Amino acid sequence: MINITFPDGSVRTYEKGVTGYEIAKSISPRLAEEALAASVKFADDTTAGQGVTYDLDRPIDRDASIALLKWEDEEGKQVFWHSSSHLMAEALEDLYPGVKFGIGPAIENGFYYDVDFADHQVNDADLPKVEKRMLELAREKQTFTRVEVAKADALKHFEDKGDPYKCELISELADGTITYYRNGHFTDLCRGPHLHNTEVIKAVKLTAIAGAYWRGDEKRQQLTRIYGITFPKKSMLDEYLVMLEEAKKRDHRKLGKEMELFTFSSRVGQGLPLWLPRGAVMRLQLENFLRRKQTEHGYLPVVSPHIGSKDLYVTSGHYAKYGQDSFQPIHTPQEGEEYMLKPMNCPHHCEIYRSAPRSYRDLPLRLAEFGTVYRYEQSGELHGLTRVRSFTQDDAHMFVTPDQLKGEFVKVIDLILYVFRIFKFDKFTAQISLRDPLDRTKYIGSDENWEKAERAIIEAADEKGLPAVVEYGEAAFYGPKLDFMVRDAIGRKWQLGTIQVDYNLPDRFQLEYTDTDGSKKRPVMIHRAPFGSIERFTAVLLEHTAGHLPVWLSPDQVKVLPISEKYSDFAKKVCDLLNNSDIRASIDDRNETLGKRIREISLLRVPVIVIIGEKEVAEGTVSVRKEGADAGTMKIDDFPGWLRATIAEELS
Ligand SMILES: [Zn+2]
Ligand SMILES: [Zn+2]
C-alpha cells in the first residue's frame, strides 16, 4: 500500500500502482469526471519544485502528494489543449492521408500543430470540416495510451511512416526510453501528459491558419500551422468567441488610429512608433503620473543619452549576451570608435552611481529615467505597440545595502499596486522566481546574499498580501525577481510590472559604498518598471478600457460644441475658463451637423462633451455629457471645479 497526501493535508492509503483516475473516483464520481490530470510530487523527491504532471491513467508506485488538476487549473487546461492538438492531428490524418507533423504544443489560449500537407491544398474554408471530424473522433471516447519504446524503435517507426520531422526530433533526444502517446489510430512522439480520454472535448474552434518554418528557421521547410482552441462545454466556446469579437473591437492598433494617438511609417522604419500630438499628450500624462508618485517615494530623476560606447555594454555583459541579435555598432569617422544604440538604461545608471563616492548614508539611491531603448526584433515579431524596436521604459534602479532590500521591495510593491488600482487592473497575480535548488552553480553572487534576497521578496510579498506563486529555477542568473500578471476587462492576461534583484551589474561595474565601519561594500541593485514600457502599457490600457481613458489621462478632456455659429462666442468663453484651470478643452464649431461632429468626437473618445445652445447662453449654464451619459446641467463657473473633483476622484 502507498500513502497519498491531498492538498488539504489529509492522507489516504491505496494499492501500489493506483492511478489518478482511480483516486479521483474514490473521492467522488464528479471529481473523476472533472479531473484532467494529476500533479504528483513523490515523497522521495527532495527538490523544492512542484512535482510532475501525470496522466490520470499512469500508475503511481510510491508515496506521493497529489493534486487533481481540473479545467480551472492552468496545467489542467494545458493538458486539455495538448491532447486536443493530438486529436486535431488524428482528424487531419483521416482527411488528408500522408500528412506529416512537426510539433503541436498547447499555448496560452489553445494549441497549434505544424503540418506538412504535401500535395493537399488546405485553407480557412477547410477548417470547419476538420472541426467536425475532431468532434466525431472525440465522441469515440478514445483513450490516450502511453507507450514506452526504445529510441531505435521509435526512429524506425517514424522512418517507416516517412516522417522526417519526427525522426529529426527523435535523433536529438538522449538515448534510452522514449514515450509515444496513442489515441485512436494516431501515434505521436510525446512526453505527455494527456487526458483520460477524448470524450471531455466537447467544443472545438480552429481559429487560424498560418505559415511557419520548421523549427522557426526560415531556411527550412515552410509548414502550415493550424491554431485551435477546445473546451469541455459548448457554452465556454460561445463565451470565448464573444470575447474574441470584443478583443477585435479593442485592438489597440485600431483604437490608436481612431483616437489619433500613434502611427507607423515604413519610411521611418519598422517597429518605430510615431506618437501623434494627441498620443504625445497622453504619454506625457502617464509619465507625470508616475513621476509625481516616484518623487514621493524618494526617486531622483536622471537623463542619459540614447547611445553608449560599445565598451559600456561589453562591461555590462549585454554585448556578449545580446550583441549578435541587436542593432549593430555605430561607427564614427574615428577609426575603432564604436557606439551602440542603448538596449537598456542600467549600465548608464551604474556609471551615474560611480560618478561620486557613496556612503551607506546615501543609500538607498533611487535613480529614475523614462529611458528610450532600442532592441532589434525580427520583423515578423513586430506587433503594434506591444512589440516594437524602440520603446521608453519607465525605468528606475535602486542601489541598496543587502539589509535594505526588503524595505525597498515593499515600497516598490506599494507603487505597483497603486498603479494597478488607479488603472483598475483589479485582478492580478504575482510570480516569485527563485533559484533552482538543485543547481546553484549557474548563479552569481554569494549564497548568503541570495538567501537574503529570496527571503526579502517572499516576506515583502507576504506582508503585502500578494496572491503569489513561487517558481523555483525561474530566477535570472544574476538575481531573483517578482513579476506581476494582470487580467484585463475581457479576461486576457498581460505581464505588467517587474521587480528584479541584481548582483551582477554592481560587480561588473565595481560599485561600492563605504559602510558604517569604514569598509567598502558592494551595493545590491534593483531594477523595476511598473508599466514595463510606455508603449506596451498604452497598448494594454487601450485594450483594457476599450479606449475609454479616465478624464485625467485623456488627450482632450472636454469638447465644447456650439449647436450653431451663433453660440461660438459663449463656447469660447467656456473653453477659456477651462483652459485657465488647466483643463484640456477645445471647441468644435466646424460647419457640420451636431450629429456628425458628435460621431467624430466619439471616435476620439473624448470623455466629456458640452453642447451649447440658446438655453445655455441665456442661463449661463452648460449641459454636460460624460462617457455618453447625461451628467447634468451646471453654472459655467462651477464646471472647472466639477472636472477637478472628477479627476481627483479618479486618482484617489
Ligand atoms: Zn503531444
Ligand atoms: Zn535595469
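Good morning. I begin with helix H12, whose buried residues pack against strand E19 (307-309), helix H10 (310-316), strand E22 (365-374), strand E23 (390-400), helix H15 (504-508) and strand E30 (524-529). Please keep in mind that this is a predicted model.

Which residues of H12 are buried? They are Cys346, Pro347, His348, His349, Cys350 and Tyr353. The helix covers residues 346-353, and because six of its eight residues are buried, H12 is largely enclosed by the rest of the structure.

Let me now turn to the chain as a whole. Its domain assignment gives domain 1 (2-70), domain 2 (75-236), domain 3 (262-306 + 342-545) and domain 4 (558-650). Taken over C-alpha atoms, the centres of domain 1 and domain 2 are separated by 27 Å. Twelve residues from domain 1 and eleven residues from domain 2 take part in the contact. On the side of domain 1 that touches domain 2, strands E4 and E5 each supply at least two residues. By class, that side of domain 1 has six nonpolar, two polar and four charged residues.

I shall close with these strands and their pairing. Strand E4 (residues 37-42) runs antiparallel to strand E7 (residues 64-69), and six bridges join them. Within this pairing, Leu68 in E7 stands opposite Ala38. E4 also pairs with strand E5 (residues 52-54), again in the antiparallel sense, over three bridges. Here Ser39 has Thr53 in E5 as its bridge partner.

Conventions:
Residues are numbered from 1 along each chain as its sequence is written. Chains are lettered from A and ligands numbered from 1 in the order in which they are written. This is a predicted model: local features need pLDDT of at least 70, side-chain atom pairs count only at pLDDT 80 or more; totals for chains, interfaces and linings use all residues. Two strands pair if DSSP finds at least two bridges between them. Helices (H or I, at least four residues) and strands (E, at least two) are DSSP runs, numbered from the N terminus. A residue is buried if 20 or more other C-beta atoms lie within 10 Å of its own, exposed if 12 or fewer, and partly exposed in between; C-beta atoms are placed from the backbone. Two residues are in contact if their C-beta atoms, placed from the backbone, lie within 7 Å. Domain bounds come from an automatic or database domain assignment. Ala, Val, Leu, Ile, Met, Phe, Trp, Tyr, Cys and Pro count as nonpolar, Asp, Glu, Lys and Arg as charged, and the others, Gly among them, as polar.
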